[in-house]
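Subject: Structure for you to look at, with notes

Dear colleague,

I am passing on the structure we talked about, and I would be grateful if you could read the notes below with the model open beside them.

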Amino acid sequence: MLVKGRKAQAGILEEGNALLINLGGSWCIGSQLPDTRGIVRQIEAAEGEKEIRFLLEQGIQYDTALASFIFRLARIAREKGFTIELDPLPEQLKRLLELGRKVPEKEDAAKKTGDSASWIAQLGSEVIRRIYGMLEIATFTGEWVLAFIKLVSGKARLRWEDFWHILRTVSLDALPIVALISFLVGAIISFLGAVTLKQFGAEFAVSYLVGYGILREMGAIMTGIILAGRTGAAFAAQIGSMKINEEIDALRTLGISPIEFIVLPRLLALFLMMPLLTLYSNVIGILSGWVVAEGLMGVPGPVFFSEMQSVVGLEDFLLGIFKSFVFGILVATAGCLRGLQCGSGAGAVGIATTRAVVAGITLIVFSNAVIDWAAATLGV
Amino acid sequence: MAEKIQIKVDNLTMAYGSFVLQRDLNFDVRKGEILAIMGPSGCGKSSLLKHMLGLLEPAQGKIHYGNVSFTDARRKVRQSILRRCGVLYQNGALWSTMTVGENVALPLQEFTSLGKDRIAEIVDFKLSVVGLKGFESYFPSELSGGMRKRAGLARAIALDPDILFFDEPSAGLDPVSSRNLDELILETRKSLGATIVLVSHELPSIFTVADRAVYLDATERRMGGIGSPHELLQNPPSPAVHAFLTRNHSERTGEKPSSNSPS
């Protein structure tokens, strides 16, 4: 509430050993409060045995805003060994000050701020943290591989209801966004290719660019990145909030493995659906490439597709599909692991989600480079 | 001693990294009793429960179930011990993607070879026990906090456990619901004959249900005493126990606190 009244004032006067603090006007939370940094600085700079006294003007209005200021000065006075004269203050103000002293301070509360290690120690702990992070990924991968083996050998069960539900949300619900992005990527590749190739009179070769680019690289990568943002994030958020709600603990204490129960259906769903979505993305990307090529450059459809067939082979298509299997596993692993690593508190879910998306995309880009390099070496 | 010891906490030290939460805890849980673990916020009550359930590992010391060292046990052994335990978590911890009925049914599906009909029958019965009959097809998000806890209890007693753990059963409940839950706890003990370990800082419920209570001191970071709540109230082993019990006790009996200032 805004309190109407005279503007709050504060001043300081030094008289021998006494520091007189002059206060007046409306010292309320809703009103304009004066700049008191000068006063604080002067008190902090004072030396020797000082006594702080307050002079309150007639008609001063106040609430906890003034109490907070005096409270702060009292703390500085205590640290510097000054005496502070609080007794003459009005009853009401003293009662407000009392409120701040009601609960004793925790002794270990102050320790938290002053704890800054040297940069070598920080570097060391960061490196150790990273190594542990990698170990966790390795452990987690091992765990789900074991769970998968158990599933295949019939020792573990999959909750089919969960699996179908996840399968649906992963694939069917992602169709529009995958279509949109694939259409744009196909169109862009075709347009860029056409503009460049036109200078050499080789417009027909745009089909080579579109086919090769989409099938080998862009189809799988774009689908992977979309699902990292869409599904990987969802996995991390779901599992993270399950962890906060102690649902994971409840599974563990029942002796049900969270890996089998939560991670495996998600991994399998993404592993199966990523290639199908990539296939879908490939088709849309190539079609949109053709639409742009025909519309802008006048490359007729039969020429476009026959040219594509003459240079782009089955192995290009298969390489893209292979990548999509890999990306599916990576995105699901990143999402589930980050979810399981989620800390406590509502903010932690947000952090887990962010980390899942970042890890998912990083892993996609990295593994794509490795696969391309391997393919080039093998001559695929 | 005549009573059989069900759980033995042996020199347990709990720590997060270098921060010691509690050191040298030593106490037993006797068969058939209700043992409360009490203390102020942040003293490590819930962490102690998690240690007993193997969700956290001790920094030092051991936990025994009967003659078996739970701390040293292999995963298989641990799971077989835990299968005899039921846990009610603070917010129920119902699996949010499943209905209430499916939540209660899952332990039965996983660990018994009962047929669908039998399981449905048992689920129906356990939900009636907690007063949630007819809520089988509700999702946890559609229930109130108190109902979620009761559904959590139904799940915890699904397999007729020997030992039940309760993490802050009355937290976040209004006085009436919390009293109802206390009665339900006593009732479950009577009918199932289960040993119950309950974490709580709410004295009304501790005085109502607990046979014995362990006090964890938050500043000393040690066990501050063990005994029946009334014994501890009459002969407090430390000032902290006295302060803890009297402050809460006065709230329970409706006595006015010593001063009228808000504290």
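Predicted model: local features only at pLDDT ≥ 70, side-chain atom pairs only at ≥ 80, totals over all residues.

Residues are numbered from 1 along each chain as its sequence is written, and chains are lettered from A and ligands numbered from 1 in the order in which they are written.

Confidence

The pLDDT is the predictor's confidence in each residue, from 0 to 100. Chain A averages 88, with 95% of its residues scoring at least 70, and among the elements of chain A the lowest mean pLDDT belongs to helix 3 (84) and the highest to helix 11, residues 314–340 (95). For the complex, the predictor gives an ipTM of 0.83 and a pTM of 0.78.

Sheets of chain B

Chain B has an open sheet of six strands in the order 6-7-8-3-9-10, with mixed pairing, and its edge strands, each pairing on one side only, are strand 6 and strand 10 (223–227). Neighbouring strands of this sheet are turned by 15° against each other on average, direction ignored, where axes are lines fitted to C-alpha atoms (for helices over the stretch in contact) and angles run from 0 to 180 degrees between N-to-C directions. Within this part of chain B, strand 7 (residues 163–167) and strand 8 (residues 195–199) pair in the parallel sense over five bridges, and Ile163(B) has Thr195(B) in strand 8 of chain B as its bridge partner. Helix 1 of chain B packs on the sheet, touching strand 3 (34–38), strand 7, strand 8 and strand 9 (212–216) of chain B, and its direction makes about 145° with that of strand 8; for contacts, the C-beta atoms of two residues, placed from the backbone, must lie within 7 Å.

A second open sheet of chain B has four strands in the order 2-1-4-5, paired antiparallel, and its edge strands are strand 2 (19–30) and strand 5 (68–69) of chain B. Strand 1 (residues 5–16) and strand 4 (residues 60–65) of chain B are joined in the antiparallel sense over five bridges, with Tyr65(B) in strand 4 as the bridge partner of Ile7(B). Helix 1 (residues 45–52) of chain B also lies across strand 1, strand 2 and strand 4 of chain B, running at about 120° to strand 1.

Chain A

In chain A, six bridges join strand 2 (residues 18–24) to strand 4 (residues 51–56), which run parallel, and the bridge partner of Ala18(A) in strand 4 is Glu51(A). Strand 4 of chain A also pairs in the parallel sense with strand 6 (residues 83–84) of chain A, over two bridges, and there Ile52(A) is partnered by Ile84(A).

The axes of helix 7 (residues 206–244) and helix 12 (residues 346–378) of chain A come within 8 Å and cross at roughly 150°. These two helices of chain A are therefore roughly antiparallel to each other, a label used for angles over 145 degrees, with under 35 counted as roughly parallel, 65 to 115 as roughly perpendicular and the rest as oblique. Helix 6 (residues 175–198) of chain A packs against helix 7 of chain A at an angle of about 150°, with the axes 9 Å apart.

Where the chains meet

In the model, 17 residues of chain B are in contact with 13 residues of chain A. On the side of chain B that touches chain A, helix 2 (75–82), strand 6 (85–88) and helix 3 (100–111) of chain B each supply at least two residues. The residues of that side divide into nine nonpolar, six polar and two charged, where Ala, Val, Leu, Ile, Met, Phe, Trp, Tyr, Cys and Pro count as nonpolar, Asp, Glu, Lys and Arg as charged, and the others, Gly among them, as polar.

With best wishes

Note on methods: Pairing = 2+ DSSP bridges.
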